[in-house]
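This briefing goes with the sequence and model shown below. Please keep both in view while reading.

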Amino acid sequence: MRDTRESRLLLVLLVAIAFALITVDIRGGEQSPLDGARQAAASAFGPVESGVARVVDPVGNAVGAVRDSGRRHNRISTLEHENEALKAKLGSSDRNRSRAAELDKILKTAGTGQYAIKGAQVIAIGSAQGFSWTVTIDAGTRDGIRRDMTVLNGDGLVGRITTVGADTSTVLLAADPDFTVGTRMEKTNEIGFANGQGVRSMRVQLLNGRANIKKGDRLVTFGSSKDKPFVPGVPVGRVVRVEPFNGDLTRNLQVRPFVAFSQLDIVGVVVQPPREDPRDTVLPPRPAKPKPTPTVTVTATPSASVPPRS
């Protein structure tokens, strides 16, 4: 249609009619005279609108999903970080509980033996000077640690301090082949000397070659002059083998240490010895022997013979 004066007047007239119809429809409400025409139009064009909506909605949803994907990704990342933090916290709690239990054992041992101790943590294994069995702890001269102090844990003798720095110290473990400590047998008081043998049991040489020793007997430290390097009464180990007596003046034993040297974590350094020798009191009580199960013997009594029928 060409842009003429008549076409412009027709367009203005159609717009005016449209506004008039809208006004009448709005004012009429539910009683609008155009309600029937509106319903007819809805019936005619409704299926077309639904079809268009089905085509357009997935596109709109996809656009919305892309728009929200950033927020969802951030939320997932946040949840993953919170999960990892929770796992780390739980693991840390388990470790803290284990260390707290070990510290309780050390304090119990120190309390029983009347040892004044300084707690420390093992922070390194080995020595830069050779292949000796040593560990490094995070306590030094600033903590009151001095050379030739006894080191123990909740199970027994760990070793002795050999070198000391301001904040760290080196401990020679009782498993080291150059380690020697005086020992005393539980109850019998037989005296000997224990030497480390690495991963094997400690070797103990008793001064009395005729000492009556049996498997399962236990040893403690005998103590040193002025309590250095060893205080008395620290549990050492349990006899696992008694060497045959061959007429020598001494008697050899194989002793399994109470301490697991490959699992050291928290230790205690004895900074003040006990006033009196605790003797065997630091050793844990022996497990009670199981009571024998009573046996009942049942004896069958033969029944009286029945006389034959006549």
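The model is predicted.

**Chain as a whole**

- Of the 310 residues in the protein chain, 31% count as buried.
- The accessible surface of the protein chain is about 21200 Å², and carbon and sulfur atoms account for 56% of that area.
- Among contacts in the protein chain with a separation of 6 or more, 59% are between residues 24 or more positions apart.

- Strand β12 covers residues 266-272; five of its seven residues are buried, so the strand is largely enclosed by the rest of the structure.
- Strand β3, residues 150-152, pairs with β12 in the antiparallel sense over two bridges.
- Within these two strands, Leu152 stands opposite Gly268 of β12.
- Val269 also lies in strand β12, and with a relative accessible area of 0% it counts as buried because the cut-off is under 20%.
- Beyond its neighbours within four places in sequence, Val269 is in contact with Ala116, Ile117, Lys118, Ile137, Ile145, Met149, Thr150, Val151 and Ile161.

**Aromatic pair**

- A search of the whole structure finds one aromatic pair.
- The ring centres of Phe179 and Phe230 are 5.4 Å apart and the ring planes stand at 70°, so this pair is edge-to-face; the class requires an angle over 60 degrees.
- The pair links distant parts of the chain, 51 residues apart: Phe179 is in the loop between β5 (169-173) and β6 (180-185), while Phe230 is in the loop between β9 and β10 (235-242).
- Phe179 is buried at 0% relative accessibility, and Phe230 is buried with a relative accessible area of 4%.

**Nonpolar surface patch**

- Ile191, Phe193, Leu207 and Phe222 form a nonpolar patch on the surface.
- Together these four residues have about 350 Å² of accessible area.
- Leu207, one of the patch residues, is located in the loop between β8 (202-206) and β9 (218-221).

Conventions:
Residues are numbered from 1 along each chain as its sequence is written. This is a predicted model: local features need pLDDT of at least 70, side-chain atom pairs count only at pLDDT 80 or more; totals for chains, interfaces and linings use all residues. Side-chain values use heavy atoms; hydrogens and water are left out. Buried means under 20% relative accessible area, exposed over 50%, partly exposed in between (1.4 Å probe, protein chains only). Helices (H or I, at least four residues) and strands (E, at least two) are DSSP runs, numbered from the N terminus. Two strands pair if DSSP finds at least two bridges between them. Patches are made of residues with over 30% relative accessible area and no salt bridge: like charges are joined within 9 Å, nonpolar side chains (Val, Leu, Ile, Met, Phe, Trp, Tyr) within 5 Å. Accessible areas come from the Shrake-Rupley method with a 1.4 Å probe; for residues, only the protein chains shown count as cover. A salt bridge is a side-chain nitrogen of Lys or Arg within 4 Å of a carboxyl oxygen of Asp or Glu. Contact means heavy atoms within 4.5 Å. Rings of Phe, Tyr and Trp (its six-membered ring) pair if their centres lie within 6.5 Å; planes under 30 degrees apart count as stacked, over 60 as edge-to-face and the rest as tilted.
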